[in-house]
Amino acid sequence: IMDKLESLNILFDVKDVFGKDIRSTVGYWKRIKEEKHTDLKYEVPDVVKTLENPDEVRRSVTDSTIMLYYKQFKSSNTLLVAAKHLNGHGFVVTVYQTTKSKKKGEKLWPKI
């Protein structure tokens with residue numbers, strides 16, 4: 001029962017660059033760090049910073065409801081936060097770092 005309750009705990013709920021609420025739970029963040037992307041060097045404050053003040057945002061080419069938020073930090077790594085937008089709210093789908101500079105999908109931010 002504790003695992004179920006813990007997975008409902010909201011880890012963060014922030015307004016992204018478009019004013020949409022994006023959130024993640026404690027349990028899901030743990031899953032990203034411990035199962036999906038064990039090599040992830042970034043932590044929650046970096047994810048929040050990426051959502052609030054990204055270098056670039058693109059729409060996913062595979063799912064039009066998923067936005068890809070990019071932010072380059074001190075290293076050559078770029079943090080990518082993928083968030084799904086539904087009914088004015090959003091949630092983090094995954095987070096990973098990449099060194100690839102080629103980005104796909106319609107550019108939504110910054111507007112040209």
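Predicted model: local features only at pLDDT ≥ 70, side-chain atom pairs only at ≥ 80, totals over all residues.
Residues are numbered from 1 along each chain as its sequence is written. Local features need pLDDT of at least 70 and side-chain atom pairs pLDDT 80 or more, while totals for chains, interfaces and linings use all residues, and side-chain values rest on heavy atoms, without hydrogens and water.

Trainee: Which residues form the covered face of strand 2?

Mentor: Strands are DSSP runs of E with at least two residues, numbered from the N terminus. In a regular strand the side chains alternate between the two faces of the sheet. Strand 2 covers residues 21–25, and its uncovered face holds Asp21, Arg23 and Thr25. The covered face consists of Ile22 and Ser24.

Trainee: Which residue of strand 6 stands opposite Ile22?

Mentor: Two strands pair if DSSP finds at least two bridges between them. Strand 2 pairs with strand 6 (residues 89–98) in the parallel sense over three bridges. The residue opposite Ile22 in strand 6 is Gly90.

Trainee: Is Gln97 buried or exposed?

Mentor: Gln97 belongs to strand 6. Buried means under 20% relative accessible area, exposed over 50% and partly exposed in between, with a 1.4 Å probe and protein chains only. Because its relative accessibility is 16%, Gln97 counts as buried.

Trainee: How far is the backbone nitrogen of Lys41 from a polar atom of the side chain of Gln97?

Mentor: Contact means heavy atoms within 4.5 Å. Beyond its neighbours within four places in sequence, Gln97 has contacts that include Asp39, Lys41 and Tyr42. Its side chain reaches the backbone oxygen of Asp39 at 2.8 Å. For the backbone nitrogen of Lys41, the distance is 2.9 Å.

Conventions:
Helix = DSSP H or I, 4+ residues; strand = E, 2+ residues; numbered from the N terminus. Polar contact = N/O pair within 3.5 Å; in protein donor to acceptor, adjacent residues only side chain to side chain.
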